[in-house]
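Try each task before you read its solution.

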Amino acid sequence: MCVNSTEWSASSIHYFSGKKQKPKRSRVQVHRLAWRKRNGGKNMELRNLKLYMENMSILEENEKLRKKANLLHQENLALMTEFQKKFSQLDRVSTTLN
């Protein structure tokens, strides 16, 4: 089958024109966009502010817990050292008695 040059160029212009077709949006996306337009984005700003404040409080709590964990780790190391000293002394006493 032979295609003449005018047919090919007319169809190829449409195909290769570089224009992108608009993606089809689901009804949910369209509904969300319409809701945003109606509310003027103020609800979104308020929601963003609330999430920011919640994030800051989580970060503060995380820092407190990190400091507490560090103190507990240091205490654990000190207790382990004390424990090892006591058992090493008991081992020395028991070996001298035998």
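**Exercise 1.** Decide whether Glu-63 is buried, partly exposed or exposed, and find its charged partner.

*Solution.* Start with the classes: buried means under 20% relative accessible area, exposed means over 50%, and partly exposed lies in between (1.4 Å probe, protein chains only). Glu-63 has 35% relative accessibility, so it counts as partly exposed. Before going on, note that this is a predicted model, where local features need pLDDT of at least 70 and side-chain atom pairs count only at pLDDT 80 or more, while totals for chains, interfaces and linings use all residues. Residues are numbered from 1 along each chain as its sequence is written, and side-chain values use heavy atoms, with hydrogens and water left out.

Next, look for the partner. Side chains of opposite charge can pair when their charged atoms come close. A salt bridge here is a side-chain nitrogen of Lys or Arg within 4 Å of a carboxyl oxygen of Asp or Glu. Glu-63 meets that rule with Arg-66, at 2.9 Å from N to O. Arg-66, at 47% relative accessibility, is partly exposed too.

**Exercise 2.** Find the aromatic pair and classify its geometry.

*Solution.* First, the rule: rings of Phe, Tyr and Trp (its six-membered ring) pair if their centres lie within 6.5 Å; planes under 30 degrees apart are stacked, over 60 edge-to-face, and the rest tilted. Searching the whole structure gives 1 aromatic pair. Phe-83 and Phe-87 make up this pair, with 4.5 Å centre to centre and 65° between the planes, which is edge-to-face. Both belong to helix H3 and sit 4 residues apart, about one turn of the helix.

**Exercise 3.** Describe the fold elements and the surface of the chain.

*Solution.* Count the elements, taking helices (H or I, at least four residues) and strands (E, at least two) as DSSP runs numbered from the N terminus. There are 3 helices and 0 strands, in the order α-α-α from the N terminus on. Helix H3 covers residues 42-97 and includes Met-53. Then turn to burial: 1% of the 98 residues count as buried. The accessible surface, by the Shrake-Rupley method with a 1.4 Å probe (for residues, only the protein chains shown count as cover), is about 10,300 Å², with 59% belonging to carbon and sulfur atoms.
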